[in-house]
Amino acid sequence: MSAEQVSSLCEQLVKAVTVIMDPASTQRYRLEALKFCEEFKEKCPICVPCGLKLAEKTQTAIVRHFGLQILEHVVKYRWNNMPRLEKVYLKNNVMGLISSGTQSILEEESHIKDVLSRIVVEMIKREWPQHWPDMLKELDTLSKQGETQTELVMFILLRLAEDVVTFQTLPTQRRRDIQQTLTQNMEKIFSFLLTTLQQNVNKYRRMKTDLAQQPKAQANCRVGIAALNTLAGYIDWVALSHITADNCKLLEMLCLLLNEPELQIGAAECLLIAVSRKGKLEDRKPLMVLFGDVAMHYILSAAQTADGEGLVEKHYVFLKRLCQVLCALGSQLCALLGSDSEVETPANFGKYLDSFLAFTTHPSQFLRSSTQITWGALFRHEVLSRDPLLLAMIPKYLRASMTNLVKVGFPSKTDSPSCEYSRFDFDSDEDFNAFFNSFRAQQGEVMRMACRLDSRTGFQMAGEWLKYQLTAPVDTGPMNSKTGEGLCSIFSPSFVQWDAMTFFSESVISQMFRTLDKDEIPVNDGIDLLQLVLNFETKDPLILSCVLTNVSALFPFVTYRPEYLPQVLSKLFASVTFEVVEESKPNFEMLYNHVKQLLSNELLLTQMEKCALMEALVLISNQFKDYERQKAFLEELMAPVAGLWLSAEMQRVLSDPEAFISYVGADNKIADPVVEDPSGLNRSRISFCVYTILGVVKRARWPAAMEEAKAGGFLVGYLPSGSPIYRNPCTEQVLKLFDNLLALIRTHNNLYMPEMVAKLGETFAKALDMLEVEKNAILGLPQPLLELYDSPVYKTVLERMQGFFCTLYDNCFHILGNAGPSMQQDFYTVEGLAAQLISSAFINLNNIPDYRLRPMLRVFVKPMVLSCPPEYYETLVCPMLGPLFTYLHMRLSQKWEVINQRSMLCEDDAADDNPESQEMLEEQLVRLLTREVMDLIKDEAMATDVTPPASAELTELGKCLMKQEDVCTALMITAYASLSWKDTLSCQRTTTQLCWPLLKQVLPGNLLPDAVSWFFTSVLKGLQIHGQHDGCMAALVHLAFQIYEALRPRYAELKVVMEQIPDIQRDSLEQFDSKLLNPTLQKVADKRRKDHFKRLITGCIGKPLGEQFRKEVHIRNLPSLFKKVKPSLETDVLETNEDGEDLTVLFEP
């Protein structure tokens, strides 16, 4: 084509590119220009001359970039069809561009350099080494021209390593050819990289102080940075011998560069990759050179310099890298020392520990946390843990931990030097909070390891700190809305210190008791500390909670001095908190009288505190191990609850939704929703009754040892299988209250009827809505940190009402879920139990929102059914689960239909306050409910715990359910329909664990052809939606294969379904079918049959959106470089040699 045509086409392309990049262009023009450019790249026969013309230096950077993009497109998509001469022409011109077609190194745009290096790499991937053996020589020649070319060569070598080794973006054989050739030439490549680095660094150092030479110095610096980046791409995978060659010359250079501000980050990166290398211990030994005087000097002086210049982002990033280098060095030392590699503890180990400690005491919380894993490895190491230098470091490490455990450094605050660093590392206070909590847990682990080596020091420090806190004045800090009361918030300086001290003392004291022998324990010191804590008085709830944790940490000392037990118990009771203690039985009367006093006053304790006390008493009563005594005790304990629960007024309130709304105060309009709450006491009475019933059902148990249970009168007989049958001392009391509990559940479900919701007062219109905390949990949002003024006391009455309904609903179902395991046959034989549950728990389900239905399934239906003995399956479980599963399938299908329609329509109208987040919330809820339902079916029908999913069988309960036609249909349809609902997790679990075992159960019967087609189609639909996820795709393909193999011989309809798959190869299908239907043919291996089947159904396997319209890149294999010559196997090898000495020929590669 003539030069004029090329010129005029280029003019049009320049205009089009200008329109695309001009912000003032209209969308229509931009789209037209884009279409023109794309069509040109796809169809025009003169792309190469046009691309080269547009890439000329005289054009603007945007046009040049487009020209180079055209050339890249040609290499990627047209290379296989180009004549050889055209390929050579393009290659020579591209190398010419590198030689003289770009601006100088400091002027050229980085995106131009990038695309140019990409074009060369794309050609290398297609032609080297077979058709382009001199490629490395050509790059070497180019690099001799100057810095501009050398930098581009570095980019090419780095990009090549990334594509071939790191990302492996090419076919296996090509990758192997290129990687093996790179490996063969690695000595030259490494020598070239090192020489380039050294020469440019030397020039840069010589010229950087001379102002006249600044541009030249900058050019050399750029090449140095590029060489370091390229080295980083190779150090990770080349043989370690290249890294440690020439007396570790590379490592020495990298250490030197740590003190060169412009190059230090790149050098630290390379050093880190080198020191983190795994591999044979023998090969890693030379890395210990970094513990030598020279290397240590450079590493430490670089750290000091970077830290001494204040907080500058660049220096801080460098410090992080250096810290990682020291961590990796520690890991290498731990791996090499004590192995058979004859490495000794380095002479500079002490210097190393000092520098490492400097990072542990740095203001940056991130740097502090980075050192913890290495400290743990050092303290655990069999040789180093005995080293005097490390043992001398333990007090210093623990001292540092005392500072590091204090929760300061929130990015939004300025109360600590750490805050400034946190602003670089964390986006929000929530982020920091989550990080700090895991950092603290990690510190706890490492402190315990340190205390294993030196328990006394840790205990001594904990004692000093505890004594200091007990005498320090309380500082509640500024901006505290409760300052009037003089109380701490979680950010108050005093609480932050108390909190850290408590964590420290808990960690070190618990470890001391595990480490020291009994006679070595400092009992007197411990008891002295316990006395101080017991005598300490505070009215601040947050500090009190820390004080009690310290009592708990010091409690093991009481086992040496039991006379302190009553004093400890008094302290606990004075705080109205309670902990169950094994030794407390002799003091039971004292406790019980104390608790009775507390419980009798309705206003003294919160409901939670009362219930904690009740549960504790029930747990202690389990220790009576005497059925009659415990039964009498529980009767006395529950008498007040029974009196309240069974009263005529309560009966009326619990069984009538309107009376219930009025009693709890949800029909009121309240003027001051923070202070005023006239019905609070009524709500707390109902809560107290429900909490108590739950506590008793959950906690009252027979003795675990069968002999004790028999002696105490708990054993009432044996099952035919020989398993014992026990009775629970709480049964009689709980069943007395059971009818009213069911009435409350029925009433609660009916509250969701529209006419009842309308009766809620103005203040409480949203009383049945989800709590904010629940919404955040469902959407996976971090819980907001408690702000200074934010304390539970300040909840509005609406929030309290929401919390009441939510907790009440959950607790009622917890009681039902615990009733089976707790009362066993006494519960399952309650007359008409199935009917009673259906008419209470399962009433008005249509109006119950998803967020209430989920806990019902999880905490009630699942545990009750799983603990049900087989003899009650027919009378209780099937009548309940049949209608429930049918209903759940209908509900979920409707919900998913709405979601699918919504995603197809995507309307723009905004009806709600925030429709997007509302829709997201609803969709996520449907997902979670779907998982809950599928888990319920799986747990109740499948015995998956004992077998791998592939061989999973139905349980007895599963088989029983599948005998009932309505239940069977509901289960099958729910399982197979769920495969095309947009929830990947649910689809994968159902496919692997449910679908096939369910279908296998009904195979012996006569399935309708339509049903079989529907099951098979459902799996293919699932593939269409979830095929983009590898795990799902593999499971669904396997399931489709199983169904087709098992059912195709009986149902020709399956072939009809297969024929409708897009792009199916009919002849291949015929071939697969004939092999499947002809039993006389020898069966092909399972994997090959499955691969054949997968190729058949490829047309319906969904792809990710990003790949749906992606143009495929095809790289052809070249003649193999490394052919293995296999000896031909002559048949007479076996025949001619009777001794069999030539049999070895068979096994030679």
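This is a predicted model: local features need pLDDT of at least 70, side-chain atom pairs count only at pLDDT 80 or more; totals for chains, interfaces and linings use all residues.
1. Helix 1 (residues 3-21) and helix 3 (residues 47-54) have axes that come within 10 Å and cross at roughly 60 degrees. The two helices are therefore oblique to each other, an angle under 35 degrees being needed to count as roughly parallel. The crossing of helix 1 past helix 3 is right-handed.

2. On the side of helix 1, the residues that meet helix 3 are V6, S7, L9, C10, L13 and V14. Helix 3 contributes P49, C50, K53 and L54. Sorted by type, the residues of this contact are 8 nonpolar, 1 polar and 1 charged.

3. Helix 46 (residues 965-977) packs against helix 48 (residues 1009-1026) at an angle of about 30 degrees, and their axes are 9 Å apart. Because angles under 35 degrees count as roughly parallel, helix 46 is roughly parallel to helix 48. M972, I973, Y976 and A977 of helix 46 make the contact with W1014, F1015, S1018 and V1019 of helix 48. Of the residues in this contact, 7 are nonpolar, 1 is polar and none is charged.

4. Helix 33 covers residues 680-699, which is 20 residues. At 1.5 Å a residue, helix 33 should span 28 Å, and its end C-alpha atoms are 28 Å apart, so the two values agree. Helix 33 is mostly covered, with 14 of its 20 residues buried.

5. S331 lies in helix 16 (residues 313-336). Its relative accessibility is 42%, so S331 counts as partly exposed. Along the chain, S331 and L378 are 47 residues apart, while their C-alpha atoms are separated by 8.4 Å.

Conventions: Residues are numbered from 1 along each chain as its sequence is written. Side-chain values use heavy atoms; hydrogens and water are left out. Helices (H or I, at least four residues) and strands (E, at least two) are DSSP runs, numbered from the N terminus. The expected span of a helix is 1.5 Å times one less than its number of residues. Buried means under 20% relative accessible area, exposed over 50%, partly exposed in between (1.4 Å probe, protein chains only). Axes are lines fitted to C-alpha atoms, for helices over the stretch in contact, and angles run from 0 to 180 degrees between N-to-C directions. Angles under 35 degrees count as roughly parallel, over 145 as roughly antiparallel, 65 to 115 as roughly perpendicular and the rest as oblique. Contact means heavy atoms within 4.5 Å. Ala, Val, Leu, Ile, Met, Phe, Trp, Tyr, Cys and Pro count as nonpolar, Asp, Glu, Lys and Arg as charged, and the others, Gly among them, as polar. A crossing is left-handed if the near helix is turned anticlockwise from the far one by less than a right angle, and right-handed if clockwise.
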